[in-house]
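Colleague: Show me the model, please. I want to ask what backs each label.

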Amino acid sequence: MTDMPKTDTPKNQYQMRDPRSLYPKPPFDTPMQPEPGLTSEMTPQPDHGETSYKGLGRMQGRRALITGGDSGIGRAVAIAFAREGAHVVINYLPAEQSDADSLLQDLRAEGLKIDAIPGDLMDEAFCSGLVDDAAGLMGGIDVLVNNAGKQVTQASIRDLTTEQFDATYKTNVYAMFWLSKAALPRMKPGASIINVTSIQGYDPSPNLLDYASTKFAILGFTKALAGQVAKDGIRVNAVAPGPFWTPLQPSQGQPAEKLAKFGEQTPLGRPGQPAEIAPSFVFLATQESGYMTGETIGVTGGNPIH
Ligand code: NAD
Ligand code: MG
């Protein structure tokens, strides 16, 4: 694996670059891992914007809770929000403490505000307690990013157990419901909820029956809740990623043969890096998107969401 290309990084998110040649392309041979995956085991390492994301004060004073903030897309969003001046609390599973520790260490060394609350979102009482504790640490909550997700490939419905189906729905759908329900009474007009759906919520892969159907549910939930809380001045939107280079995929998210070609089927010919999706979350979190609600931003490398 030493001959894998190094992750290329732009100087900042504004530098003009060719999206085809920026960042590694398939084939990949990153090791398979148990669930939940760890960043440290991935080859090449994902780019979360560590050296490139430049903050401009766009989230000064905002308080944001990000689930799954230890790794992948959530980690890139945490870096972007903190560099834009927000106070961030991340949630993740205790097994991912090493990813969370490295993020906190890096961001605190920059003098940025970030805290961590580990725990399992499949538990309703934990979800409402998480919102209370995060709001306690930050003095309130203005942005909720429902990003945590579970994805385990199963070729056939015959092998899809009730236990897996239940865990996928609890993590991807119920936790979003429980966290939103707990956060809304604490949110003031101008606050923003951002859910993470997927291209799987439009164009489902047969091997992701449970996962893809949760992503359809997230779209419906986003639109219905947006309609409900618009009268309170609170916006609810979603981001729909295509293939992104994160620990979700090598930790049972894809079969080995699909992982080797991950991202190849996009017009840009490669997976996205978490750094390339974080700016969409910043946009949805701030007043820049103030007239958008119930909407979805697709960040897919060119495969249409429809
Ligand atoms: P990731 O593995 O880095 O992040 C997922 C996170 O979910 C984990 O870090 C973990 O902390 C959290 N999580 C899972 N189960 C949990 C539980 N029971 N309790 C608490 N936390 C739990 O992978 P990612 O790709 O960055 O995933 C982030 C989101 O992006 C997910 O919703 C995923 O479905 C979505 N997404 C990813 C891709 C992709 O190709 N990577 C594509 C479309 C959508
Ligand atoms: Mg993780």
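Colleague: Why is Y23 called buried?

Modeller: This is a predicted model, and the label rests on a computed area. Buried means under 20% relative accessible area. Y23 has 5%, so Y23 is buried. Y23 sits in the segment before β1.

Colleague: What makes the phi of Y23 worth a remark?

Modeller: Most residues other than glycine have a negative phi. Y23 is not a glycine, yet its phi is positive, about 75°. Q252 also has a positive phi of about 75° and is not a glycine.

Colleague: Where does Q252 lie, and why is Q252 called partly exposed?

Modeller: Q252 is in helix α6, residues 249-253. Q252 has 38%, so the label partly exposed applies.

Colleague: Which peptide bonds are cis?

Modeller: Most peptide bonds are trans. The bond from P26 to P27 is cis, with omega near 10°. The bond joining T43 and P44 is also cis, with omega about -10°.

Colleague: How many salt bridges does the rule give?

Modeller: The count is 11. Among them is D166 with K170, whose closest N and O atoms are 3.5 Å apart. Both residues lie in helix α4 (residues 162-183), four residues apart, about one turn of the helix. D166 is partly exposed, at 40%.

Colleague: What makes D232 and K231 a salt bridge?

Modeller: Their closest N and O atoms are 3.6 Å apart, and the limit is 4 Å, so the pair counts. D232 has 37% relative accessibility and counts as partly exposed. K231 has 68%, over the 50% limit, so K231 counts as exposed.

Colleague: Which residues coordinate the magnesium ion (ligand 2)?

Modeller: The donors are D70 (OD), S71 (OG) and E96 (OE), at 2.1 to 2.2 Å. The cut-off here is 2.8 Å, so these atoms count as donors. The spacing of the donor residues in sequence is D-S-x24-E. S71 comes from the loop between β1 and α1, and E96 from the loop between β2 and α2 (97-109), so the pair ties together parts 25 residues apart in sequence. S71 and E96 are buried.

Colleague: How do you know that the length of α1 agrees with a helix?

Modeller: At 1.5 Å a residue, its 12 residues should span 16 Å. The end C-alpha atoms are 17 Å apart, which agrees. α1 is also mostly covered, with 12 of its 12 residues buried. Including R75 and R83, the buried residues come from α1. After α1 comes G85, with a positive phi near 105°.

Colleague: What makes the largest cavity a cavity?

Modeller: A 1.4 Å probe fits there but cannot get out, so the space counts as a cavity. Its volume is about 70 Å³. Of its 13 lining residues, the closest to the centre are N146, A148, T171, N172 and M176. α4 gives the most to this lining, with five residues. By class, the lining has seven nonpolar, six polar and no charged residues.

Colleague: And the second largest pocket: which residues are closest to its centre?

Modeller: The volume of the second largest pocket is about 410 Å³. Of its 24 lining residues, the closest to the centre are L22, Y23, R270, A275 and E276. The lining has 12 nonpolar, nine polar and three charged residues.

Conventions:
Residues numbered from 1 in each chain as written. Chains lettered and ligands numbered in written order. Predicted model: local features only at pLDDT ≥ 70, side-chain atom pairs only at ≥ 80, totals over all residues. Heavy atoms only, no water. Salt bridge = Lys/Arg side-chain N within 4 Å of Asp/Glu carboxyl O. Helix = DSSP H or I, 4+ residues; strand = E, 2+ residues; numbered from the N terminus. Buried < 20%, exposed > 50% of the residue type's maximum accessible area, 1.4 Å probe, protein only. 1 Å grid on protein atoms, 1.4 Å probe; cavity = no way out; pocket = protein on both sides within 12 Å on 5 of 7 lines; lining within 4 Å. Points joined across faces, edges and corners; volume = space filled by probe spheres on them. Nonpolar A, V, L, I, M, F, W, Y, C, P; charged D, E, K, R; others polar. Donors = N, O, S within 2.8 Å, 3.2 Å for Na, K, Ca; no water. Expected span 1.5 Å × (residues − 1).
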